[in-house]
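Hi everyone, thanks for coming. Let me put the structure up, and then I'll walk you through a few of its details.

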Amino acid sequence: MAEKAILGFLQNNEEITDSGLFSAEFNLDHDEVINVIKRLHGFRFIDVQDIKKETWVLTDEGKKYAVEGSPEVQLFLAVPEEGSISKDELQKKLAPSVFSIGCSQAGKRRWVQMGMQVSRRVQNVEDEVKDQLLQIQEGKEVDNDSISSLKARKLIIKETWTGYSVKKGPNYAPERKEVATDLTRENLQNWKELEFKEYNFNAKGAPLQAGHLHALLKVRKQFKDIFVQMGFEEMPTNNFVESSFWNFDALFQPQQHPARDSHDTFFLNAPSTTRTLPEDYVERVKRVHESGGYGSRGYNYDWKREEANKNLLRTHTTAVSSRMLYALAQKPFVPKKYFSIDRVFRNEAVDRTHLAEFHQIEGLICDRGLTLGDLIGVLKDFFSRLGMSKLRFKPAYNPYTEPSMEIFSYHEGLGKWVEIGNSGMFRPEMLLPMGLPEDVRVIAWGLSLERPTMILYGIDNIRDLFGHKVDLDLIKRNPVCRIGI
Ligand code: PHE
């Protein structure tokens, strides 16, 4: 319909100056005309130019008054011609918003006398607001003052109307044949009679429904690459459940240490205890806790096997490091560089920066005669590969390392030093009961994966990064990982 009208009109006329007026004249729906114009333009049957016009349209409230009359007139008509009506009575006759707007507008215009009783002050009123609204609805001109007052009352808003002017295009013909769009078997059989639609090489393809990597996975990959470049091997961290023995006791963490409390650690109900531990090693660990040895005085308390047997969700991947070092000690010594990046669990109150689980990045080097200087050097190398070359170290305490150092990095964006990790040299009380040679030292460090990821991706609430509240769009849109914190 519309297509025929447009092409037919252009056969005898130079131009359709305004698609809106054209639609009105030929009694066509303007939206349909616009669709046809876009289609014909796509086939280059016509050339088009946008026309944008600002018009006033009625808001929902405006539309209501255009039908029912303005609140002030509704109110006026509810007041009797003679005598008066109580304010309460009047309120019952009108909708709440009509009553309140009506009172103020009719009062302002001095149409009614307001008080406990309400009475008319004039005989008749005209509903100018309704008339103006109707005029606007019909597309007629309304004076500026009325426009401002209707706008102030939010009865009308500005809308941009879009239409087109249309001329013949390079492929113009008074009628358009249906063109074939697909290379089907039938179309190929009589291709000579058919006209084929041209390919539109500028059309965008449909977006692919593909998987997307979570920001934590991208940053994890970067860390992994750095470790691998530095010659580290990955440790097997595929057990979230660990015994207290490997998580704490093997690390020379005393059994009454506050971190071993259920306020800090998630213990398992079933199975609540571990089945097997290497008995002779357990015996040496018990002894070093109770009375020391290897140059240590120990902690001087009764070490309990039941406490060591308790299963828990590992609180750090250092539990895996202790298993790996023990395994290493069972064979003739070879130096090793190990790393892991995996999940750990702590019974923490959840807030903007803490969850009850996070990912820990851990690195360790095991070799003869290593010193604190080696640890500092390796940390500088490791962190400079992440773009963090300004480092500072602060003495700290871990039950399993001595000396221990917190690692700080200068954050250019925040303009301050931020803590980024923890490190140290594993204690002889931990290494010697395992059976490692006496001159073997282990330097190690740990940090969270979440913290650098949040800094890199500008996320300030950890719950936006991990857990059930994560916006899937964030995962689809986030950029390829950048390193350089
Ligand atoms: N396990 C420590 C932590 O939970 C990190 C660490 C690893 C510290 C290795 C020193 C050596 O923070």
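Strand E10, residues 336–345, and strand E11, residues 357–368, pair in the antiparallel sense over 10 bridges. Strands here are DSSP runs of at least two residues, helices (H or I) are runs of at least four, both numbered from the N terminus, and pairing needs at least two DSSP bridges. Within this pair, Val344 has Phe358 of E11 as its bridge partner. E10 also pairs with strand E7, residues 233–234, in the parallel sense over two bridges, and there Glu234 is partnered by Phe339. Seven of the 10 residues in E10 are buried, that is, under 20% relative accessible area, with exposed meaning over 50% and partly exposed in between (1.4 Å probe, protein chains only).

A quick word on the source: this is a predicted model, where local features need pLDDT of at least 70, side-chain atom pairs need 80 or more, and totals for chains, interfaces and linings use all residues. Residues are numbered from 1 along each chain as its sequence is written, and side-chain values use heavy atoms, without hydrogens or water.

Now, which residues are closest to the ligand? Among the 13 surrounding residues (a heavy atom within 4 Å), the closest are His316, Thr318, Arg346, Gln360 and Tyr400. A ligand nitrogen lies 2.7 Å from a side-chain N or O atom of Thr318, and for Tyr400 such a distance is 2.9 Å. The protein covers 91% of the 330 Å² of accessible area that the ligand has on its own (Shrake-Rupley method, 1.4 Å probe).

Finally, Phe201 sits in the loop between helices H10 (185–189) and H11 (215–229), and it counts as exposed because its relative accessibility is 73%.

Methods
Polar contact = N/O pair within 3.5 Å; in protein donor to acceptor, adjacent residues only side chain to side chain.
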